[in-house]
Amino acid sequence: MAKVLVTGGAGFIGSHLLERLLADGHDVVSVDNFDDFYPHPRKQANLALLADHPRHRFVELDIRDSRALRDLWAGERFDTVCHLAARAGVRPSLPHPALYWDINTRGTLAMLELAREFEPARFIFASSSSVYGEASRIPFSEDDPADRPVSPYAASKRAGELMCHTYHHLYGLSVTCLRFFTVYGPRNRPDLAVAKFTRLIDAGETLPVFGDGTSRRDYTYIADIIDGIIAAIDRCGGYNVYNLGHSEPAELMHLIRCIESALGKRANLDYQPPQPGDVPITYADVSRAKRDLGFDPTTPIEEGIERYVKWCREAGLLSASPASHSG
């Protein structure tokens, strides 16, 4: 079994990954800095599920704190690193490019420097489909150009990939970069579309729709993403980049209809102009991940949304009556 470091372990994807790694018998250390991007109690609740697990240790620290990170690495000697920690989100990055560059790029560099020193066998870097920018060819292939990002967040993730390649080339670090496509599911970040739309529709509040509702996203259920990460860990060697997406983009209006159906309520829509940084479609070509990793996403969006809404109800995040705002 491996000794695994997971950065961003208290977050949405990170907490699911912790559960899977521990269930698979690994020893895991997770770190998170509980930044103000979303409410501290939400992340605490994510970690509470693993609070008493004998093979999990949590350390609160910032990935930009090289001294604290080095002390941690020196004491634990990790053989696998899953670097998920980042300042997330395309739209929130627009007014804060320096912050995103500092956390995502400088933080990743700090992690890679420690990997160079302590030589873990595997380094997994969480990237994003946003690196493709306004791609003209669909579906998006890992061989497509990714040199014209349209948001600071996307630019910071692409910079991380390039730095990972440099550390592989110069120092022989085995690195796998995973480009996630619109992940959703239980514990979803509250700023993401699925969580935000569910909350607004449930409360009977106006739901802003940017554009005409025909934009498409490759919504990918969290369990499928975790399967992909685990497979990438198991097969990490050299330098590789993989798309992890469902590979069946859904229109924005279809997403809204799925949430309406799961909630038993109708949305009050308010159409707005498209927002800067948004792209009309994301669509993953996952043939490489299927070939190399055995990646096989199986959760259709209709089923995934049902599961997410069920979790929201069980977590007390929705109103008691499923039809109190129907119309």
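Tutor: This is a predicted model, and we can start with its second largest pocket, which is lined by Y132, E134, A135, S136, R137, D144, P145, A146, D147 and R148.

Student: What makes these residues the lining of the second largest pocket?

Tutor: A lining residue has an atom within 4 Å of a pocket point, and Y132, S136 and D147 are among those that line this pocket, in which about 200 Å³ of space lies.

Student: How do the residues of that lining divide into nonpolar, polar and charged?

Tutor: The lining has 4 nonpolar, 1 polar and 5 charged residues; Asp, Glu, Lys and Arg count as charged, so E134, R137, D144, D147 and R148 belong to that class.

Student: Why is the pair of R64 and D62 called a salt bridge?

Tutor: The closest N and O atoms of R64 and D62 are 2.8 Å apart, and because the cut-off for such a nitrogen and oxygen is 4 Å, the pair qualifies as a salt bridge. These two residues also belong to a network of salt bridges that links D62, R64, D102 and R106, and the search of the whole structure finds 26 salt bridges.

Student: What makes the side chains of R122 and D79 a salt bridge, and which parts of the chain does the pair link?

Tutor: At 3.5 Å from N to O, the pair falls within the 4 Å limit. It links distant parts of the chain, with R122 in strand β5 and D79 in the loop between α3 and β4, 43 residues apart.

Student: Why do R122 and D79 count as partly exposed?

Tutor: Buried means under 20% and exposed means over 50%, so R122, at 22% relative accessibility, counts as partly exposed, and D79, with a relative accessible area of 25%, is partly exposed as well.

Student: How do you know that E303 and R307 form a salt bridge, and where do they lie?

Tutor: Their closest N and O atoms are 2.2 Å apart, which is within 4 Å, and both residues lie in helix α11, 4 residues apart, about one turn of the helix. E303, at 34% relative accessibility, counts as partly exposed, and R307 does so at 35%.

Student: Which residues have the most contacts inside the largest nonpolar core?

Tutor: They are I229 and I305, in a core of 73 residues. A second, separate core of 26 residues includes V29, V81, A85 and F118.

Technical notes. Residues are numbered from 1 along each chain as its sequence is written. This is a predicted model: local features need pLDDT of at least 70, side-chain atom pairs count only at pLDDT 80 or more; totals for chains, interfaces and linings use all residues. Side-chain values use heavy atoms; hydrogens and water are left out. On a 1 Å grid over the protein atoms alone, a cavity is a set of points where a 1.4 Å probe fits but cannot get out, and a pocket is an open set with protein on both sides within 12 Å along at least five of seven lines; lining residues have an atom within 4 Å of a point. Grid points are joined across faces, edges and corners, and a volume is the space filled by probe spheres set on the points. A nonpolar core is a set of buried Ala, Val, Leu, Ile, Met, Phe, Trp, Tyr and Cys residues joined through side-chain atoms within 4.5 Å. Buried means under 20% relative accessible area, exposed over 50%, partly exposed in between (1.4 Å probe, protein chains only). Helices (H or I, at least four residues) and strands (E, at least two) are DSSP runs, numbered from the N terminus.
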